[in-house]
Amino acid sequence: MRIPSLQKWMKYGSHAVLATSLGACGTSIAAETPSPETSTETASVVLVHGAFADGSAWNKVIPILQEAGVEVAAAQLPLSSLADDAAAATRLIDLQASPVVLVGHSWGGAVITEAGAHENVEALVYVAAFAPDADQPVGGLLEGLPPAPWQEELIPDAGGNLRLSANAMSTYFAPDLPASETAVMAATQGPINAETFEQAPTTAAWRDKPTHYVISDDDKIIPTPLQVSMAETISAETTTLLASHVPMLSKPEEVAQIILDVVAEVSAGD
């Protein structure tokens, strides 16, 4: 059985590799390490998807970031609770070797509000996202607003999870994408537990971190006025794009450039 040896490697393997490397390099390793004054560490990016989606929601932005030389990772959220989703994002943040720009879309905004308190997170980017305060559930942000048409097309399952109909995906969620694309999105969506919308972050990372907000000016899921209000509340630097609820898919170059600008700011220590 190989699992014990794998566990042993996970515990000791990194030390063995380091020891081998030191032996091969002799005593010159200190001289080859750049001094703090001359070192420039490029920030990495962790992307967090929203409800009715998965990590592939970022598949048009990721190649652009990678081509720019930025390390990037997309979380796969269980969408089972806010705590579970924040834990999934936190585990991915833990794996990054450089300071992190944490990006969240839609429901992912609530997730980065919680997970963004991580000491390695240097900046937050909300993309057409909910931006609750501590102890404020996402459902509370929607209070007082008239019911949206897409909410009538939620499909519950026996486990209390919600899916979005294929019609709602193309009509409301991503009307600026081809029907062939929204059909795949509907088929691969991650259902979200209905109770998550009543769960609140325990902290609000945007209170302590530089924050940016991408406002979608033709959003049929999160009303644009609400996005503007949330961006003002969190004192975010804002960019407005004429896009649906999924600007990272319909305007990937623009969204990627915004993220790259934040990466440059963090990397420069601004």
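Biologist: Which residues point one way from strand 3, and which the other way?

Modeller: This is a predicted model, by the way. Val-100, Leu-102 and Gly-104 point one way from strand 3, while Val-101, Val-103 and His-105 point the other way, and all are buried. So that you can find it, strand 3 covers residues 100-105, and six of its six residues are buried.

Biologist: Okay, how do I read strand pairing, and which strands pair with strand 3 in the parallel sense?

Modeller: Strands of a sheet pair through backbone hydrogen bonds, either parallel or antiparallel. Here, strand 1 (residues 44-48) pairs with strand 3 in the parallel sense over five bridges. Look for Val-48: its bridge partner in strand 3 is Gly-104. Strand 4 (residues 121-127) also pairs with strand 3 in the parallel sense, over six bridges. There, Val-103 has Val-125 of strand 4 as its bridge partner. To get from strand 3 to strand 4, the chain goes through helix 5 (residues 108-115), and this β-α-β crossover is right-handed.

Biologist: And where do I find antiparallel pairing?

Modeller: Go to the open sheet of three strands, in the order 5-6-7, where the pairing is antiparallel. Strand 5 (154-156) and strand 7 (192-193) stand at the edges with a single partner strand each, so one side of each has no neighbour in the sheet. Strand 6 (residues 161-164) and strand 7 run antiparallel and are joined by two bridges.

Biologist: How do I read helix packing, and at what angle do helix 4 and helix 5 pack?

Modeller: Two packed helices are described by the angle between their axes and the distance between the axes. Helix 4 (residues 82-94) packs against helix 5 at an angle of about 65°, and their axes are 9 Å apart. The crossing of helix 4 past helix 5 is right-handed. Among the residues making the contact are Leu-82, Ala-86 and Ile-93 of helix 4, and Val-111 and Ala-115 of helix 5.

Biologist: Last one: which residues touch the most other members of the largest nonpolar core?

Modeller: In soluble globular proteins, nonpolar side chains tend to be buried together. The largest nonpolar core here has 85 residues, and Val-45, Leu-102 and Trp-107 touch the most other members. Helix 11 (residues 252-268) gives the most to this core, with eight residues. Now click on Trp-107: leaving aside neighbours within four places in sequence, its contacts include Leu-79, Leu-82, Phe-130, Ile-192 and Phe-197.

How values were computed:
Residues numbered from 1 in each chain as written. Predicted model: local features only at pLDDT ≥ 70, side-chain atom pairs only at ≥ 80, totals over all residues. Heavy atoms only, no water. Buried < 20%, exposed > 50% of the residue type's maximum accessible area, 1.4 Å probe, protein only. Helix = DSSP H or I, 4+ residues; strand = E, 2+ residues; numbered from the N terminus. Pairing = 2+ DSSP bridges. Right-handed = clockwise from strand over helix to strand, strands pointing away. Core = buried A, V, L, I, M, F, W, Y, C linked by side-chain atoms within 4.5 Å. Contact = heavy atoms within 4.5 Å. Axes fitted to C-alpha atoms, helices over the stretch in contact; angles between N-to-C directions. Left-handed = near helix turned anticlockwise from the far one by under 90°.
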